[in-house]
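Hi,

Here is the structure I promised to pass on. Have a look at it first, then read my notes below.

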Amino acid sequence: MSDIELSDIVRNLLGGAAWTLGLSLTAFVLGGLAGLAVLFARIARNPLPRRLAQAYIEVFQGTPLLMQLFIIFFGSSLIGLEIPPWLAAALGLTLFTSAYLGEIWRGCVEAIPKGQWEASASLAMSHVEQMRHVILPQALRIAIAPTVGFSVQVVKGTAVTSIIGFVELTKTGSMLANATFQPFLVFGLVALGYFALCYPLSAYSRMLERKIHGSRAH
Amino acid sequence: MALVRIEALHKHFGSNHVLRGIDLDIEEGQVIALIGRSGSGKSTLLRTINGLESFDDGSIEVDGEHIRPQGTDLRALRMKVGMIFQQFNLFPHLTAGQNVMLATRIVRKMGDDAARDLAKSMLLKVGLQEKFDAYPDQLSGGQQQRVAIARALAMQPRVLLCDEITSALDPELVNEVLAVVKNLAAEGMTLIMVTHEMRFAREVGDKLVFMYQGRIHESGDPQTLFANPQTPELAGFIGSIN
Amino acid sequence: MAYAFDFSAVLEYREALLAGTGRTLMLTGIGAVAGLVLGTAGAVSRAWRLAPFDRIFAVYVELIRNTPFLVQLFFIFFGLPSLGVQMDEWQAAILAVVINLGAYSTEIIRAGIEATPRGQIEAAQSLAMTRRQIFFHVVLPPALAKVWPAICSQVVIVMLGTSVCSQIAAEELTFAANFIQSRNFRAFETYFVVTAMYFLLAVGVRQVLALTGQRLLGRRSK
């Protein structure tokens with residue numbers, strides 16, 4: 001047996017969890033901003049941005065996150081940029097998040113009944129006015145629950161960045177498991193750490209969902 | 001000069017020729033009742049008049065605004081043509097008052113106070129002045145439809161299009177909506193209505209237009225046509241309704 | 001830019017790529033079938049409130065959905081042996097995929113079951129059908145048909161997720177990529193080609209699943 005105490009393990013894992021949390025927040029915020037751009041391109045009336053956004057979404061949803069990270073990591077070194085793992089991780093997860101959120105939000109915009117478009121058009125509103133005053137306020141309401149729900153996928157996605165060498169919760173766990181020869185305990189604690197981060201988000205998302213379905217539409 | 005002039009209008013949905021040469025003149029203050037079976041093209045015709053549907057050939061002119069198969073100034077047109085829908089289509093995130101105010105503020109660029117006063121008077125006109133702050137889902141179907149009428153009227157349109165506006169209502173709520181429309185007709189509003197309310201069409205309509213297979217099959221004074229249909233198709237249609 | 005792309009250095013290893021593709025598909029296929037069976041059992045337990053299974057499945061679903069697949073895989077492969085449960089990398093990978101997909105499909109199928117209109121059940125009851133008959137003939141088929149698109153998406157997500165099984169040395173497609181780039185020193189080209197292969201696999205698997213859904217569940221699934 002090793003002489004590393006349980007308290008040491010926990011302290012190290014908490015340090016790793018902080019990096020997991022930091023990366024999740026970064027990716028979620030930046031990915032959300034980029035996701036807005038993806039959304040507006042995806043619902044543009046001009047077919048060119050629409051197709052580009054669709055291709056962007058399909059590529060990120062149709063390939064493994066791990067491959068996306070590898071390509072960013074090795075691709076950047078090809079163009080002469082040696083980027084550290086944390087930057088590749090943040091960049092990769094941001095792009096990944098933007099594609100998913102853009103698509104989730106498009107679904108919310110398209111869930112607004114056609115009658116809302118027709119009624120606002122009949123009141124002589126322009127496309128931008130329809131979006132701004134009628135469609136987006138309603139889409140925003142229904143977008144909150146799935147957006148919070150997706151944040152769970154972002155947190156879990158950060159685990160994959162351990163493979164390109166970013167030392168977050170999973171990577172910390174792997175190193176500790178090797179050092180302590182207690183993989184059952186360590187990976188159990190790692191799983192618990194993710195659960196503690198993700199479960200409140202899942203539960204909150206479910207609560208929001210129920211609230212929307214159970215209540216009035218405003 | 002007719003307020004609305006429709007000439008040689010044609011429209012296809014894919015291979016389906018839904019409007020096959022429509023000619024129709026509507027004078028200011030007239031109440032037109034468009035009737036016919038589902039699929040006869042009456043709703044499509046109505047929706048071409050404010051540009052919700054495009055068309056392939058022919059022309060529509062509303063109060064000097066030309067609608068062409070391509071490149072119409074829809075904003076100018078829609079300032080003059082209001083529309084009321086079967087499903088009300090109130091904006092669920094806005095109160096009744098805000099529903100009425102929205103377009104007057106952002107499209108007609110009225111100030112907040114003026115828009116509010118106008119919205120209040122429009123809601124008063126449809127008998128819902130006390131529902132200014134109610135959200136659509138706190139209103140009955142009939143009340144929602146009356147708010148939708150107030151919302152359209154606040155834009156001060158020259159013509160009001162009504163697309164089966166009582167079809168989604170419970171029977172006991174139909175009359176409160178029809179009463180509002182009847183008042184509008186009495187005030188001289190030009191109305192084009194697709195309707196299944198034959199008694200209402202006969203009482204309030206100035207002109208009955210019977211559509212059949214994408215054409216105007218028969219049209220004229222409602223009383224006369226109901227009493228004396230000239231074609232077997234209209235006779236059959238009236239028979240099937242009653 | 002001085003770098004000259006060389007994709008032929010990747011294609012030299014096409015046998016390794018094909019073998020990896022085959023194993024990725026095998027992992028996905030076994031995982032999908034067993035995961036859906038597990039998910040259906042879970043959904044039934046949850047929807048019918050079969051104590052104590054409904055509780056067990058509820059906890060299981062939450063645990064799996066709120067932890068990363070990679071950690072589940074590590075826990076199974078590295079952690080379980082210390083309890084005396086020995087398994088090779090493929091057994092661990094398959095178990096992890098089945099457990100993961102089982103949790104997601106429990107929730108997906110349960111949602112489909114709970115969306116059954118009341119009138120359907122009442123109609124079946126008034127035809128004197130038993131609870132079991134009602135479930136298997138009236139409730140389950142349309143429920144599966146309704147949620148089939150969500151199941152297809154989840155299977156594709158799981159397939160893409162198996163990419164991390166390379167980390168326990170299961171020789172699937174990503175493992176092949178790692179191996180190839182360690183031999184040809186063409187990391188970017190190798191990962192680019194393999195990413196494209198995953199993309200095609202995702203498209204293909206989606207098609208196959210959609211067709212399977214049509215066959216098994218009738219026209220209602222898209």
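What share of the contacts in chain B with a separation of 6 or more is accounted for by residues 24 or more positions apart? It comes to 63%, where two residues are in contact if their C-beta atoms, placed from the backbone, lie within 7 Å.

Before you go on, a word on the model: it is predicted, so local features need pLDDT of at least 70 and side-chain atom pairs count only at pLDDT 80 or more, while totals for chains, interfaces and linings use all residues. Residues are numbered from 1 along each chain as its sequence is written, and chains are lettered from A and ligands numbered from 1 in the order in which they are written.

Chain B first. It has nine helices and 10 strands (DSSP runs numbered from the N terminus: helices are H or I with at least four residues, strands are E with at least two). Its C-alpha trace spans about 55 × 45 × 35 Å along the principal axes. The radius of gyration of chain B is 18 Å, which agrees with the value near 18 Å for a compact globule of 242 residues (taken over C-alpha atoms; the rule is 2.2 Å times the number of residues to the power 0.38). Of those 242 residues, 48% count as buried (20 or more other C-beta atoms within 10 Å of the residue's own, C-beta atoms being placed from the backbone; exposed is 12 or fewer, partly exposed in between).

Chain B also has an open sheet of four strands in the order 2-1-4-5, with antiparallel pairing (two strands pair if DSSP finds at least two bridges between them). Its edges are strand 2 (16–26) and strand 5 (65–67) of chain B, each pairing on one side only. Further in, strand 1 (residues 4–13) and strand 4 (residues 57–62) of chain B pair over five bridges, and B:His10 stands opposite B:Asp57.

Now the contacts between chains. Chain A gives 30 residues and chain C 32 to one of them. On the chain A side, helix 8 (183–214) of chain A brings the largest share, 11 residues. That side divides into 23 nonpolar, six polar and one charged (Ala, Val, Leu, Ile, Met, Phe, Trp, Tyr, Cys and Pro count as nonpolar, Asp, Glu, Lys and Arg as charged, the others, Gly among them, as polar). For chains A and B, the contact takes 19 residues from chain A and 20 from chain B. Here the side of chain A has eight nonpolar, seven polar and four charged residues.

Cheers
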